[in-house]
Amino acid sequence: MTREDDGVIRSLAQTDPVQVDTKHRTLTGVVYQHTHREPELTPRGPEPGEHVLYFATPCHDCYRLHYTYYHEYDHTQTRLARYECRPDGEYAWHRTHATIQTITSPTGGDHE
């Protein structure tokens with residue numbers, strides 16, 4: 001994924017369909033929550049901006065796509081997590097370690 005994906009991710013809103021292609025599978029679902037925070041300069045140094053998309057698949061699996069970026073230089077990071085039941089019976093977000101290749105926006109098309 002590249003920095004241009006920021007525009008695609010930013011354009012997604014609640015109830016928009018979304019398709020996330022990873023190296024080994026394609027996830028299709030509907031966005032149910034989207035949060036955004038701008039990058040900022042703090043006393044510790046620059047903090048990245050972030051978009052967090054929560055989406056659900058037709059089989060009711062929930063995923064969290066966490067996208068971080070900086071305006072000052074070209075660096076982005078994308079992480080995908082799945083909401084699953086832990087062995088102790090509690091539910092939590094578990095990283096999938098999947099490599100995100102593309103995100104398809106229903107209005108913007110395919111972006112790499």
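Predicted model: local features only at pLDDT ≥ 70, side-chain atom pairs only at ≥ 80, totals over all residues.

Trainee: How many aromatic pairs does the structure hold?

Mentor: The structure holds six aromatic pairs. In one of them, the ring centres of Y32 and Y54 are 6.0 Å apart and the planes meet at 40 degrees, so this pair is tilted.

Trainee: Which parts of the chain does the pair of Y32 and Y54 link?

Mentor: This pair links distant parts of the chain, with Y32 in strand 2 (residues 26-37) and Y54 in strand 5 (residues 49-56), 22 residues apart.

Trainee: Is Y54 buried or exposed?

Mentor: The general idea is a cut-off: buried means under 20% relative accessible area. Y54 has 17% relative accessibility and therefore counts as buried, whereas Y32, with a relative accessible area of 35%, is partly exposed.

Trainee: Why do the rings of Y54 and W93 count as a tilted pair?

Mentor: Planes under 30 degrees apart count as stacked, over 60 as edge-to-face and the rest as tilted. The planes of Y54 and W93 are at 55 degrees, with the ring centres 5.7 Å apart, so the pair is tilted. Because Y54 lies in strand 5 and W93 in strand 8 (residues 91-95), the pair ties together parts that are 39 residues apart in sequence.

Trainee: Which residues do ring pairs link into a cluster?

Mentor: The cluster linked by ring pairs consists of Y32, Y54, Y83, Y91 and W93.

Technical notes
Residues numbered from 1 in each chain as written. Heavy atoms only, no water. Phe/Tyr/Trp six-rings, centres within 6.5 Å; stacked < 30°, edge-to-face > 60°. Helix = DSSP H or I, 4+ residues; strand = E, 2+ residues; numbered from the N terminus. Buried < 20%, exposed > 50% of the residue type's maximum accessible area, 1.4 Å probe, protein only.
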